[in-house]
Amino acid sequence: MTPRLWAACTLGVLVVVLIVYAALVIPWHRPPAPRADQLAALGQLPRDQVQRAQAFHSELRPGSYLSLAVGLIGALLLGLTPLGARLVSFAGRPFGDHWIAQAVLGGLLVVLVVEVITLPLAAWRHTIVVRYGISTQTWGAWAVDLAKSYAVGAVIGGLALLGFYTVTRLAPRWWWAFGALGAAALVVLLSFVLPVIVEPVFNKFTPMEQGPLRTELMSLAARDNVPVRDVLVADASRRTRAVNAYVSGFGPTRRIVVYDTMLTEATPDEVVSVTAHELGHAKRGDVLVGTIIGALGAAAAVIALYLLGSLGWLLRLAGTESMREPRSIALLLALVTLAGLAGGPVQALVSRRIEARADAHALELTGDAATFEAMQRRLGTVNLSDPDPPTWEYLMYASHPSTVERMAAARAYARGER
Ligand SMILES: [Zn+2]
């Protein structure tokens, strides 16, 4: 069998494994949240508040879509014309066209071009979130955050590109196999490392101070049989007024993080309700599930790239000789951008189902549907979420059920519907 046939078979197996795994572990059946309850909940939200949230989102929309379009067009222009390959060569020239310079600096240059052309739109977005009082950041703080995220992306991206093109050079015929393994391993590694190394770059985390709330949260976790190392408070208030909580990492790095804004904006009961939702994620190992799906997807993507690399016309379009050469970086980026766009709605659907299950867990664990509903209303109000977003926007992007959906789920639960 030729390497290409092996690659095609491996890709086939990976895709089947991915589908079977997803079919088995994703809670496709979601708890009831009848539309009638959603509309009733919507009707009970203060009208001016709903209008303000909708106005906020309609102001954000043009910039968001423009940014999406500009980013896509930029990636395609660089990747499906020789422009990107020329940028990569340009980056390598001062270093005698060394492949390492091309891979790392060329890769950074290509990504930076796309970032820079969408930067004005990000700035526009910032003016809107500041005007609506969500963001508390000055331009200086905003720029520092941006620079930090570029730096983090540059380190991770640079290492990934370096690893990728090292493998393509060492194993010209079988690089797809090593590349697939490496990509999967990188996803797993990042899952462990990001909460410990990258999150502290952006926020300061401190253990929640001793007191009745902390005691209650830890005993909630104990009652739920979820080992939690710590409940941490993130100093999100230096950036935003929005409230949030999340669970990240798994095994020894698993932690529950609550925004400090949550502690000032929400009642202690509501914080308990949010934490119960996060415990639902921890209990079901949702971070691990996401990591496994991500690792399988990353491995499949590398093999797909290898197979696409046999399309002569595609390489000619991109002005590169082979996927194995750093000059293919822009083509890679274009393909990844397209795949991300196509996979987005599926990812959003999977995320919404997992979130709905965590909601159900919170309701069951606390047995307090009223507080859960109040907490959802609070989250929606403070964060200015559109309580009932337009259908296609919901299908394309929503990572969580809508506010009215979550309120409706609480009402259905209270009536005993499961
Ligand atoms: Zn969640």
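# A guided reading of the chain

Met1 is found in the segment before α1 (3-25), where helices (H or I, at least four residues) and strands (E, at least two) are DSSP runs numbered from the N terminus. The model is predicted, so local features need pLDDT of at least 70 and side-chain atom pairs count only at pLDDT 80 or more, while totals for chains, interfaces and linings use all residues. Residues are numbered from 1 along each chain as its sequence is written, and side-chain values use heavy atoms, with hydrogens and water left out.

Met1 has a relative accessible area of 59% and is therefore exposed; buried means under 20% relative accessible area, exposed over 50%, and partly exposed in between (1.4 Å probe, protein chains only). Together with Leu5, Trp6, Trp174 and Phe178, Met1 makes a nonpolar surface patch of about 550 Å². Patches are made of residues with over 30% relative accessible area and no salt bridge, in which like charges are joined within 9 Å and nonpolar side chains (Val, Leu, Ile, Met, Phe, Trp, Tyr) within 5 Å. The accessible surface of the chain comes to about 20,100 Å², and 68% of this belongs to carbon and sulfur atoms. Accessible areas come from the Shrake-Rupley method with a 1.4 Å probe; for residues, only the protein chains shown count as cover.

The overall form comes next. The chain has 16 helices and 4 strands. A compact globule with 418 residues would have a radius of gyration near 22 Å, and the 23 Å of the chain agrees with that; the radius is taken over C-alpha atoms, and the globule rule is 2.2 Å times the number of residues to the power 0.38. Along the principal axes, the C-alpha atoms fill a box of roughly 65 × 45 × 40 Å. Of the 418 residues, 45% are buried. Among contacts (heavy atoms within 4.5 Å) with a separation of 6 or more, 77% are between residues 24 or more positions apart.

His277 in helix α10 (residues 268-284) and Glu355 in helix α13 (residues 329-366) are 78 residues apart, and the pair links distant parts of the chain. His277 is buried, at 4% relative accessible area, and Glu355 is buried at 10%.

Leaving aside neighbours within four places in sequence, Arg406 is in contact with His277, Asp359, Phe372, Gln376, His400 and Pro401. Arg406 counts as buried, with 9% relative accessibility.

Charged pairs form further links. Side chains of opposite charge can pair when their charged atoms come close. The structure holds 16 salt bridges, each a side-chain nitrogen of Lys or Arg within 4 Å of a carboxyl oxygen of Asp or Glu. One of them joins Arg35 and Asp388, at 2.9 Å from N to O. Arg35 lies in helix α2 (residues 35-44) and Asp388 in the loop between α14 (369-383) and α15 (391-397), so this pair ties together parts that are 353 residues apart in sequence. Arg35 is partly exposed at 42%, and Asp388 is partly exposed at 21%.

In another salt bridge, the closest N and O atoms of Glu270 and Arg378 are 2.7 Å apart. That pair links helix α10, which holds Glu270, to helix α14, which holds Arg378, across 108 residues. Glu270 is buried at 5% relative accessibility, whereas Arg378 is partly exposed at 28%. Salt bridges that share partners also join Asp37, Arg415 and Glu417 into one network.

Two loop residues remain. Most residues other than glycine have a negative phi, and most peptide bonds are trans. Asp97, in the loop between α4 (83-92) and α5 (99-131), has a positive phi near 55 degrees. Asp97 is partly exposed, at 46% relative accessibility. Asn225, in the loop between α8 and β2, has a positive phi near 60 degrees. Asn225 is exposed, with a relative accessible area of 65%.
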